[in-house]
Amino acid sequence: MRISVTVDGKTHSAEDVWAGESLLRLLRDRWGLTGVKNACEQGECGSCTVRLDGVLVNACLVPAMQADDREVGTVAGLGAAGDGPGLHPVQRAFLEAGAVQCGFCSPGMVMAAEDLLRRIPDPTEAEVRAELAGNLCRCTGYQAIVDAVRSAAGGDRDRAKGDRAKGDCAKGDRAGEGRLS
Amino acid sequence: MNDVIGGSPRRADGAAKISGVFEYSSDLVCDGMVWAATLRSPHAHARILAIDTEPARKLAGVRDVITHEDIPGRKLYGQMMVDQPVLAGDVVRYHGEPVAVVAAEDPETARLAAELIRVDYEVLTPVTDPVAATAPDSPAVHPGGNVLARKVIRRGSAQNGEFPQAAVVVRGEYTVGMQDHVFLGTESGLAVPDGDGGVRLHVATQWPHVDQEQVAASLGLDSDQVVVSMAGVGGAFGGREDLSVHIPACLIALRLGRPVKMVYSRTESFFGHVHRHPAVLRYEHGADPDGRLVYVKAEIFLDGGAYASSSPAIAGNAATHAVGPYAVPHVHAEAVAVYTNNPPCGAMRGFGTVQPCFGFESQMDRLAEAVGIDPVEIRLRNALSEGGSLPTGQVLDSAAPVAELLTRLRALPVPERTSDDPAIVRGVGYASCLKNAMFSEGFDDHSTANVRLRVVGGAPVATVTSAAAEVGQGVLGVKRQIVRTELGVAEVEVVGADTRFPSAGPASASRQTYMVGGAVRAACLEVREEVFALARARLGGSLAEHRDLAEHWDLAEDSVVDAAGEPLIGLAELLGETVIDRTSRFHHRTTEPLDPVNGQGDSAVTFGFAAHRAVVDVDLELGLVQVVELAIAQDVGRAVNPLALRGQLAGGTVQGVGLALMEELQVADGQVLNPSLSGYLIPTMADVPSVNVDLLELADPHAPYGIRGIGELPAISSTAAVAAAVRAATGRAVSRVPIRPEDLVDFS
């Protein structure tokens, strides 16, 4: 089937989308939107976190067809690419806090953090850890990421008023799920 | 300036990574490229009777299928021992071993076609127990037998096979499960034919030059016909030292004359790289009545799996680090790496020292209990210090602050309990470790860098070029900081290089900041001398008072400055059209191979030291462990970038917690049971607390800037500290990691 998706404000279309094709494959391999990362393709790591009509999803678990005629937001649309004032406050906070090492988790982590701050403008450390537990990072030990999210919270607080999440966080079911041994 | 040594500048590649424009190896595309996928063995051990590739070839969109018969050059590869087939021929030796590779117009077709290949196997009984595999009558995985490396250290009276009497003796057997790196970016690469019979491979790797040699040998090409370029790396931790997509991607690219892209799925990634060696460790510690160590006997079995990878060096590390950072007069330590039909194991952060650390630290806890003193006190009484010697006889000729690290941790307050549930018990555990940095046992390691200084648009610009692998650790920024420190130039360009530039050595063995830093510094020092020579010639008579003070000159703020920091002349004016260009090759001090009989020798360049404290709550009904607090104290020599350094220490600590509590690639009868992130669990943000990082900076006088290698230490003693905390909380032996609920609760 033919589908059409608005990604970061720009409309893309694809022919012959097959039933099992994921939104992740569509974004990365058909449209070259490689700011969305592929680390597990099983919905476990959060590297491909995007917004679908304002709701946070793992793009690897969303059939491409479900995105037809809808809006997808990726990290590329969050702030201007590159350095400087164009970065979103969450992105800047990640840089300042040293929350980026290999950086593979960063696009998804930033998307999830930005969404968290819309819903909970000034989260506690425990809230950050519970809410972002669906995004895996193997480099940082998470400390710098938690610090970044909390330092971004101040800047995001005002913006978040009147711009609460448009829907429930699709990954919210992992909140507080902290795994024990 | 924040961007010299000791400052914490932002990552050079950070903005690109955070905004999604940084290109990892899996993001690369090329016009006309095909996608390749691998068929892997479902058996741990089997004879291949026939391979029928026709069903795959017939599928629309398939462009090529290769098996072992199509490898034009050397059919085996390996960095230390060349024993691993590129594609299995007559026998498969582990579950997941590559048998064939298919190239097709799209990734789904390639994967589907690979599954259509028919392989007739005669299934054989796998060898899976590494201890039993060392028996003389065990079936052999390779014709030479199953002992692939044996390293023995004999010190003191152990050289005669004797041990003095000890008032207190504790014995234990410990087990470590198979840990995986789980770097987030899976193995991937893009091979592009150069149109002239050669190929260029863009790949996520830790050492492009060693990849190049191995790829060229298997393709039957000269090394210079294969160019390996660093592509963006999504984490490494040792798992990218061995080849993955390299040879098949390059071979198919040459056969088709088209670019080839390969990206492993997460499941394939678990099969496609080596893991941390599972281990069985048997220890006997003898001490005097006060707990001072008299002797240690250690017998360490490392399951190397089906192929050698870096097992020989890992066994060497396990033996030389078998007693930890403690003074022991009489030692018999033996580490054996064993071939089995389990997945191959190789380099992973800590490289042969994580397993013994769990063993010797568990023994120290037992010894403390037997003597009736505190677990920290037993460690303090035996702690090595500067001037002390290791079981190899090597004397520690720089700071060895084991006692200080432990003392600092002990001084931290323990958080108050928040639960009054009697089924939740709290424990505090300590562990310490040492780790060699750089390559050991006589390996001549070196690193090359080039530094150019010239004027561009009226301002001095320094360019540093090296083939150092940036795997997330931040070596890009380190290079920039060193150039700014030495040349005082605001504008510094950092240029990566491929294999056409000399090697920088690998991003491994905690060596990159030290070795690449050493090379960049050496090149900078040559550039400085040239600048000062120009300045002396230029300033000569007019500033005669400075002529004899040239050794006190410095470079700062784009100028030559005097001892007081006052500018003498601007670099732009001084250089004019002159370009200063210097290439330097840096070697660390030489090391010795270990004596094959008694394991004596100055085998290591240098050592780093770290200690951890973990506070845990254990649910005695469910056998679940919650880590409440983590702290690490580490001597880093000199913190080049404290912010990045703290990130390394926190990250390594959490990897160690993962091994303590949840991470295990489970293998039964040679079958991998959980090759996915839903089956193999790594710590999430909710599983771990904040990490309290305490840096000690006792400069190593033999090292560039006093640097000590830092990357591996945080991943070593954290596992043992968590196990010690669980032991303290429960009174259980805790002799296996990862710790399972059934190890803590009798569920029957």
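A: Happy to! Let's begin with a term for surfaces: accessible areas come from the Shrake-Rupley method with a 1.4 Å probe, and for residues only the protein chains shown count as cover. By that method, chain A has an accessible surface of about 6,700 Å², and carbon and sulfur atoms account for 47% of it. This is a predicted model, in which local features need pLDDT of at least 70 and side-chain atom pairs count only at pLDDT 80 or more, while totals for chains, interfaces and linings use all residues. Residues are numbered from 1 along each chain as its sequence is written, chains are lettered from A and ligands numbered from 1 in the order in which they are written, and side-chain values use heavy atoms, with hydrogens and water left out.

Now to chain B. Its secondary structure holds 17 helices and 31 strands (DSSP runs numbered from the N terminus, H or I of at least four residues for helices and E of at least two for strands). Chain B is as compact as a globular protein of its length, because its radius of gyration is 27 Å, close to the 27 Å that the globule rule gives for 748 residues. That radius is taken over C-alpha atoms, and the rule is 2.2 Å times the number of residues to the power 0.38. The C-alpha trace of chain B spans about 90 × 75 × 55 Å along its principal axes.

Of the 748 residues in chain B, 65% are buried, meaning under 20% relative accessible area, with exposed over 50% and partly exposed in between (1.4 Å probe, protein chains only). One buried residue is Gly623(B), at 0% relative accessibility. You will find Gly623(B) in the loop between strand 26 (606-619) and strand 27 (624-635). Its C-alpha atom is separated by 22 Å from that of Gly172(B), 451 residues apart along the chain.

Another place to look is Asp3(B), in the segment before helix 1 (14-18). Leaving aside neighbours within four places in sequence, Asp3(B) is in contact (heavy atoms within 4.5 Å) with Pro9(B), Arg480(B), Gln481(B) and Arg484(B). With Arg484(B), the side chains make a polar contact at 3.0 Å (a pair of N or O atoms within 3.5 Å; within protein, one must be able to donate a hydrogen and the other to accept it, and residues adjacent in sequence count only if both atoms are side-chain atoms).
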